[in-house]
Amino acid sequence: DLAPSQVGEQVRPVIHLIGRPEGMRGIGDGQIVWIMGDPQTWTASAIDDVKKWVAKGNVCWFDVRLAQSIGIECSDGASMPTAVVAQSAKEHDLVAGVSRVTAPDAFPYMRELPSGAKPILVVANKPEHVVLAVWELGKGAILFRPPGKIEKVLWPMIGKRGWIETDQADGAKLLSNLELFSLEMIRKAAAPEG
């Protein structure tokens, strides 16, 4: 179970936590899905379905550790518990009022991004290690983000927890921005054109 601090009141009515591709069935438009779980369960076909759904104007939060399911190399960051704003993202809405965020042990990171994706947060001393990125597709977006905080931490998780700490640095502000950005994407996609 995710801790309440990781999913705010604003997005609760429209967010769905998905661990397997079957969880996407029946999810309509104007929604956010947070994809987590085992990357082995997410086939190329399932990822293509998610991308088509996103392009219609929906938002997908995608755990960074699952990036390998779309062919992106990812790793745990060893002793890298701090992420900072990427140089190219200083003016992005996702980092308004944010300079750094921390994780309890180390952030997972991506060593590359899909074509067209933009780095938002990077490991403090390794700017090529991307902790949070946005990939706009059609009218929607996929946000690669650190995994969510869980209520009960088990001992095997120590050393690879990697979620955003809301009570340290700018963690709470970043999560608020993530929610506002996601809701704004959905709102714009639903607005009549003209």
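## Strand pairing around strand 5

Valine 85 sits opposite leucine 121 in strand 8. That strand covers residues 118-123 and runs antiparallel to strand 5, with three bridges joining the two. Strand 5 (residues 82-85) is also joined to strand 6 (residues 100-102) by three bridges, again antiparallel. In that pairing, threonine 82 has threonine 102 as its bridge partner. Strands count as paired here if DSSP finds at least two bridges between them. Helices (H or I, at least four residues) and strands (E, at least two) are DSSP runs, numbered from the N terminus.

A word on the source: this is a predicted model, with local features needing pLDDT of at least 70 and side-chain atom pairs pLDDT 80 or more, while totals for chains, interfaces and linings use all residues. Numbering starts from 1 along each chain as its sequence is written, and side-chain values use heavy atoms, leaving out hydrogens and water.

Phenylalanine 62 and phenylalanine 144 make one that is edge-to-face, at 5.6 Å centre to centre and 75° between the planes. The two partners come from distant parts of the chain, 82 residues apart: phenylalanine 62 from strand 3 (residues 59-63), phenylalanine 144 from strand 10.

The cut-offs are under 20% relative accessible area for buried, over 50% for exposed and in between for partly exposed (1.4 Å probe, protein chains only).

## Salt bridges

The model has eight salt bridges, each a side-chain nitrogen of Lys or Arg within 4 Å of a carboxyl oxygen of Asp or Glu. In helix 2, glutamate 184 and arginine 187 are three residues apart, about one turn of the helix, and their closest N and O atoms are 2.5 Å apart. Both are partly exposed, glutamate 184 at 30% and arginine 187 at 47%.

Lysine 149 is partly exposed at 26%, whereas glutamate 165 is buried at 10%.

## Loop details

Alanine 169 is in the loop between strand 10 and helix 2. Its phi is near 45°, a positive value in a residue other than glycine. Most residues other than glycine have a negative phi. Alanine 169 is partly exposed at 42%.

Over in the loop between strand 5 and strand 6 you'll find histidine 92, buried at 18% relative accessibility. Serine 115, in the loop between strand 7 (108-110) and strand 8, is exposed at 73%. Its C-alpha is 8.5 Å from that of tryptophan 135, 20 residues apart along the chain.

Note on methods:
Phe/Tyr/Trp six-rings, centres within 6.5 Å; stacked < 30°, edge-to-face > 60°.
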